[in-house]
Amino acid sequence: MFIPTKQAARNSLESFIPKCGSIYAAYRNYDREDTSNSTVSRISPWIRNRTLPEWEVIDAVLKEHSATAASKFIDEVLWRTYWKGWLQLRPSVWEAYQQDLTKLCESYSNHSKYTKAIESRSGIDCFDIWNRELIDNNYLHNHARMWYASIWIHTLKLPWQLGADWFLRNLFDGDPASNTLSWRWVAGLHTQGKSYLAKRDNILKYTGNRFKVEVALANEAIDVDPVDHPSPIILEEFPLIPKGKRLGLLVTLEDLSAIDWLDKKAGSVAQAGYFPLDAYKKHNMAPSVIKFHQDSMINQMDKNMPLFTDQDAAKVLEWIKAESLDGIIIAEPPIGPTQASLKSLVTSLEPAGTICYWARHWWDATLYPYATHGFFRFKKAIPSAISQLKVNLLKSKQQSLGI
Ligand SMILES: Cc1cc2nc3c(=O)[nH]c(=O)nc-3n(C[C@H](O)[C@H](O)[C@H](O)COP(=O)(O)OP(=O)(O)OC[C@H]3O[C@@H](n4cnc5c(N)ncnc54)[C@H](O)[C@@H]3O)c2cc1C
């Protein structure tokens, strides 16, 4: 269903664009069995690795709709950037989650309720069907994710961290920020006093009555300690990429569009891909998820570009020598397994004198600093991001016409 190519991504987006205005605003909460009639875009797997970067999606939408008509859809795309910015400003939230997870994975490895949940044997019909859908299709509708997470946390009373981990391992769009922070929100840990409770009537209404939901769902949320978010850090400023150097571009699954924007910005003389295969395997990512992202990379890279993994530090060094590179450039990876893996690669290259330059795309640089509080405050930055998008598009058109 999700073909890992740019063309398939564009086709999906193009076919959904007519629905991005009033149809999306009115019907996005319906989880339809017939996906050909979907009222959500189902483009998240390609947005996740930036086969379809956010700015390209919004640009395509604005060609057919006004910003007001498509505001609901644009807001949702911006939720992704908001979550990423929010976590980038608070790395300790990810670290704490990882520490909890290590302990919980051990203590729950033979826990019967947990095992039944992930084996689609919870006895709650809708939950078990969504779990199968998650494993088979590596995708769930947003509303199904909310109901699923709510049942996991408030009805089955399983730790939210294990549910978040299960999603991250199985979703094609599994994203450390959107996923972890959405699970925290359902648990009531993100916004003081707000947790999400799935209700039978609501599930029946938005799924066309295709489930029975005979098991009573929790009508009270679990108790959580009062929310105390760490203060946002100041984002690191990266030094300018020097001119006149022989630089190699390392592209990761966090931003496949860097093949284009970062190459233009830095003028690289060689390009290679980097996939944190070992880190992904250690995180028990589903083989289908690994394959989706690896294939996405391979399909977008030039056939002659090498693809390294996190076991290949020596090969990366050989490549640097063979191409006589002065340094490498990488699009800043967001918090998560890829970031951790890249940091250790860069440390291992340092003794050989390889300099690594990091770069932040203007989209992230413009928007992340606004993710200090809630989405409402963040939203105020959307018009300036859209204006910047228009200016940049005009500039690149002029450049391509030689003006
Ligand atoms: C418990 C839970 C876990 C989630 N985990 C992830 C995850 O790992 N990765 C992920 O990308 N999204 C996650 N989401 C958000 C959302 O469910 C998906 O982005 C959305 O369902 C993707 O389907 P779509 O492309 O049809 O979305 P559409 O509704 O068509 O929206 C278009 C795009 O906007 C973005 N988007 C939409 N809604 C959200 C949202 N609430 N938060 C962040 N971005 C959004 C996505 O990139 C999406 O592709 C999660 C939500 C919940 C409740």
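These entries record what I looked up in a predicted model.

**Conventions.** I number residues from 1 along each chain as its sequence is written, and I take side-chain values from heavy atoms, with hydrogens and water left out. Because the model is predicted, local features need pLDDT of at least 70 and side-chain atom pairs count only at pLDDT 80 or more, while totals for chains, interfaces and linings use all residues.

**Entry 1, H16 and H17.** I looked up helix H16 (residues 313-322) and helix H17 (residues 337-349), whose axes come within 10 Å and cross at roughly 55°; helices here are DSSP runs (H or I) of at least four residues and strands (E) of at least two, numbered from the N terminus. Axes are lines fitted to C-alpha atoms, for helices over the stretch in contact, and angles run from 0 to 180 degrees between N-to-C directions. I therefore note H16 and H17 as oblique to each other, where under 35 degrees is roughly parallel, over 145 roughly antiparallel, 65 to 115 roughly perpendicular and the rest oblique. On the H16 side I found Ala313, Val316, Leu317 and Ile320, which meet Leu345, Ser348 and Leu349 in H17 (contact means heavy atoms within 4.5 Å). The residues of this contact divide into 6 nonpolar, 1 polar and no charged, with Ala, Val, Leu, Ile, Met, Phe, Trp, Tyr, Cys and Pro counted as nonpolar, Asp, Glu, Lys and Arg as charged, and the others, Gly among them, as polar.

I then turned to helix H9 (residues 142-155) and helix H10 (residues 160-170), which pack at about 145° with their axes 9 Å apart. H9 contributes Arg145, Tyr148, Trp152 and Ile153, and H10 contributes Trp160, Leu162, Gly163, Trp166 and Phe167. By class I list 7 nonpolar, 1 polar and 1 charged residues for the contact of H9 with H10.

Searching the whole structure, I found 34 aromatic pairs (rings of Phe, Tyr and Trp, its six-membered ring, with centres within 6.5 Å; planes under 30 degrees apart are stacked, over 60 edge-to-face and the rest tilted). The rings of Trp79 and Phe375 have centres 4.2 Å apart and planes at 10°, so I record the pair as stacked. This pair links distant parts of the chain, with Trp79 in helix H5 (residues 71-88) and Phe375 in helix H19 (residues 375-379), 296 residues apart. Trp79 is partly exposed at a relative accessible area of 26%, whereas Phe375 counts as buried at 10% (buried is under 20%, exposed over 50%, partly exposed in between, with a 1.4 Å probe and protein chains only).
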